[in-house]
Amino acid sequence: MYGHLRRTLAPFRGLAHPGVVALFLAVPALILGAWSTAGEKPAIDFSSKHDILIRSEDGTLTPMDVPYFRATVVAPGTWQILSDGDYSYLVEGDDEALVIDSGYGAGNIREYCQSLTKKPVRNIANTHDHFDHTANNSYFERAYMSAETKKKATLPFPSFEGITFPRDYPIEVIGDGYRFQLGNRELEVFEIPNHASGSLAFLDKRERILFSGDEIMPMGVRLNCSVAQFEKNMRKIAARRSEYDTLCAGFGVFAASYMDKFLANARYILAGQEGEPVKPRPRPAAPAAAEGGPVTYSRRMPRPGDVPRNVGQTNEYLRTMTHAGCDITYDVRRIKD
Ligand SMILES: [Zn+2]
């Protein structure tokens, strides 16, 4: 799925970068001391979920309270992190490294990311509020997010009942035009609200990546906003299309051409074309616990009890437009604002 971008992580790969060793040696001990604070944030206790198992893609089973992390290098100084929930990303500049989204897996994702880079990992940036992107924010010194995301971040999904996730971590609200300065690497912020009302995308011109959260999904997009608002979102990031080739999304790494397809599809609907009525789809089945066996979830995939009630439901107003190589599901009453 990730083509040539997907490569196995080489241990201490960052040390191979020109100049990194010299920079590392030059770092004052005072800063080295600050790095060690990554492990001092209170651990989130998953032990009440020890009897629930998580099945990984290779079929192995891991108790839900046992940390599980895997990293894949997707570009120089850029890692995709698999734990549980949607993917996170680690973005390394010359001065510091930033984590994008914190997943909902057990364990200290900040400590894990710090094991991948010699640059200090202090902060987290959230693409949107959903729990599979914000559960572990409290491990970081500061969380950057939109004002809308701040209202709902780190509110647990039902399958996490019984675990306490701190919500009192320091937050800095950001929006359009904000720039993260990581040292010879800048991430520019764009507000693109649809999947979630506070969604942000982060443009990394150095590695030509747009970190797009859950806003652009190759399997199709369901609009929570008007078609006109969605077109406006796509147009906003299309205006910078010459500056990125890759989407690093919550669901995986994709070619940025998907963004072009959704823009073309939205414009087709706005031009007066109408999609097909939406047929109801079965909701995901409850997890198997046959004959008293353990409840087992699939790693990274949505859990049945956590899926919003409206998923799979339809009504007389919903249409799916298949055009330009992608699907947009929308409400005929919400074409224009
Ligand atoms: Zn989401």
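A: Begin with what pairing means: two strands pair if DSSP finds at least two bridges between them. In this predicted model, strand β20 (residues 318–323) and strand β21 (residues 326–331) are joined by six bridges and pair in the antiparallel sense.

Q: Which residue in β21 is the bridge partner of Met321?

A: Met321 is bridged to Ile328 of β21. Another residue, Arg319, stands opposite Tyr330 in β21.

Q: In the hairpin of β20 and β21, which residue takes a positive phi?

A: Ala324 does, with phi near 60°, in a hairpin that has two residues between the strands.

Q: How should I think about side chains along a strand?

A: In a regular strand the side chains alternate between the two faces of the sheet.

Q: How is the packing of two helices described?

A: Two packed helices are described by the angle between their axes and the distance between the axes. Here helix α6 (residues 227–238) and α7 pack at an angle of about 145°, and their axes are 9 Å apart. The crossing of α6 and α7 is left-handed.

Q: Which residues of α6 and α7 make the contact?

A: From α6 they include Val227, Phe230, Met234 and Ile237, and from α7 they include Met259, Phe262, Leu263 and Ala266. Glu231 and Arg235 of α6 also take part, as do Asp260 and Arg267 of α7. Sorted by class, the contact of α6 with α7 has 12 nonpolar, no polar and four charged residues.

Q: Which residues have the most contacts inside the largest nonpolar core?

A: They are Ile81, Tyr89, Leu90, Val99, Cys113 and Phe262, in a core of 61 residues. Helix α7 (residues 257–270) gives the most to this core, with five residues. A second, separate core has five residues, among them Ile54, Met64, Ala106 and Tyr297.

Q: Which residues does Tyr89 touch, not counting those up to four places away in sequence?

A: Tyr89 touches Thr78, Trp79, Gln80, Ile81, Ile100, Phe211 and Cys248.

Q: What is the order of the open sheet of six strands?

A: The order is β11-β12-β13-β14-β16-β17, and the pairing is mixed. Strands β11 and β17 (253–255) are at the edges, each pairing on one side only. On average, neighbouring strands of this sheet are turned by 25° against each other, direction ignored. Within it, β12 and strand β13 (residues 200–204) run antiparallel and are joined by five bridges, with Phe190 opposite Ala201 in β13.

Q: Is Thr154 buried or exposed?

A: The cut-off for buried is 20 or more other C-beta atoms within 10 Å. Thr154 has 24 of them within 10 Å, so Thr154 is buried. Thr154 lies in the loop between α5 (147–152) and β10 (171–173), and its phi is near 60°, a positive value in a residue other than glycine.

Q: Is Asn184 buried or exposed?

A: A residue is exposed with 12 or fewer such neighbours. Asn184 counts as exposed because it has 10 C-beta neighbours inside 10 Å. Asn184 is in the loop between β11 (179–181) and β12 (186–191), and has a positive phi of about 55° although it is not a glycine.

Q: How many helices and strands does the protein chain have?

A: The chain has seven helices and 21 strands. Of its 337 residues, 38% are buried.

Definitions and conventions
Residues are numbered from 1 along each chain as its sequence is written. This is a predicted model: local features need pLDDT of at least 70, side-chain atom pairs count only at pLDDT 80 or more; totals for chains, interfaces and linings use all residues. A nonpolar core is a set of buried Ala, Val, Leu, Ile, Met, Phe, Trp, Tyr and Cys residues joined through C-beta atoms within 7 Å. Helices (H or I, at least four residues) and strands (E, at least two) are DSSP runs, numbered from the N terminus. Two residues are in contact if their C-beta atoms, placed from the backbone, lie within 7 Å. Axes are lines fitted to C-alpha atoms, for helices over the stretch in contact, and angles run from 0 to 180 degrees between N-to-C directions. A crossing is left-handed if the near helix is turned anticlockwise from the far one by less than a right angle, and right-handed if clockwise. Ala, Val, Leu, Ile, Met, Phe, Trp, Tyr, Cys and Pro count as nonpolar, Asp, Glu, Lys and Arg as charged, and the others, Gly among them, as polar.
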